[in-house]
Amino acid sequence: MLRHWHVSFLSFCFFFLFLFLFLWTPYDEISATRTFSVDLINKTCKTCSDKSTVFNYTFCSASLQEIPVSRTTNLQGLAIVAMELTLQNATHTLSVIKELRRNETWGHPFASACLRDCDVLYSDGVITLVDAVAAFLEGKYGSAGAWLTAVMDGATTCEEGFGDMEEASPLTEQNYSVFQLCDVALCIVNLLVSHA
């Protein structure tokens with residue numbers, strides 16, 4: 001219960017942080033800033049895509065541009081947006097997992113074991129993402145990157161668990177989204193480290 005409250009409170013804080021950043025931008029500068037930030041999003045996603053064979057440029061660009069505040073922010077703001085999106089997706093995935101586990105008629109006993117493992121991985125992952133955001137906000141980019149990598153590993157482990165049991169994964173889309181969003185955030189964090 002305390003962990004759930006902590007995640008909800010953090011999401012609430014992010015909302016007001018983004019609202020403040022958006023409202024703080026003077027009206028006559030919004031269109032220029034928006035153009036600059038969309039260019040920043042595309043440039044950042046392209047740079048990250050060029051550095052990795054698994055990074056999805058289209059996913060990165062679409063995900064970041066979907067959040068209005070990302071169009072009026074800088075590279076640090078994009079990292080926070082990516083981490084917040086990852087946290088929302090991981091929390092949603094955890095809810096899906098718990099719903100599937102409540103459905104006793106779903107799948108084979110092996111699939112139930114996989115879901116139980118994914119439940120643990122995502123329960124830990126949500127808390128780890130909160131730690132990553134906190135580390136990032138404190139300027140501890142190395143720690144934030146390590147936490148993000150751990151969550152990526154968790155999404156991969158969850159997905160691979162079904163393959164190892166020769167079961168169809170009901171979480172392929174969710175695992176992919178969490179992995180990619182973590183990758184976006186991690187790449188931006190690494191860019192910030194390289195520019196420091």
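The structure is a predicted model, in which local features need pLDDT of at least 70 and side-chain atom pairs count only at pLDDT 80 or more, while totals for chains, interfaces and linings use all residues. Residues are numbered from 1 along each chain as its sequence is written, and side-chain values use heavy atoms, with hydrogens and water left out.

With the bonded cysteines of the protein chain numbered in sequence order, their pairing reads 1-3, 2-6, 4-5. Helices are named here as DSSP runs (H or I, at least four residues), numbered from the N terminus.

Cys45 is joined to Cys60 by a disulfide with an S to S distance of 2.0 Å, and this link is left-handed, with -75° about the S-S bond. Because Cys45 lies in helix α2 (residues 27-51) and Cys60 in helix α3 (residues 57-65), the pair ties together parts that are 15 residues apart in sequence. Both Cys45 and Cys60 are buried, a term that means under 20% relative accessible area, with a 1.4 Å probe and protein chains only.

Helix α2 also holds Cys48, whose partner Cys187 lies in helix α7 (residues 172-195), so that this pair ties together parts 139 residues apart in sequence. The S to S distance between Cys48 and Cys187 is 2.0 Å, the link is left-handed with -100° about the S-S bond, and the two cysteines are buried.

Between Cys118 and Cys158 the sulfur atoms of the disulfide are 2.1 Å apart, and the torsion about the S-S bond is about 105°, so this disulfide is right-handed. The pair links distant parts of the chain, with Cys118 in helix α5 (residues 109-137) and Cys158 in helix α6 (residues 141-164), 40 residues apart. Cys118 counts as buried at 1% relative accessibility, and Cys158 is buried with a relative accessible area of 1%.

Cys114 counts as buried at 5% relative accessibility, and Cys182 is buried with a relative accessible area of 0%.

Methods. Disulfide = S-S within 2.5 Å. Helix = DSSP H or I, 4+ residues; strand = E, 2+ residues; numbered from the N terminus. Buried < 20%, exposed > 50% of the residue type's maximum accessible area, 1.4 Å probe, protein only.
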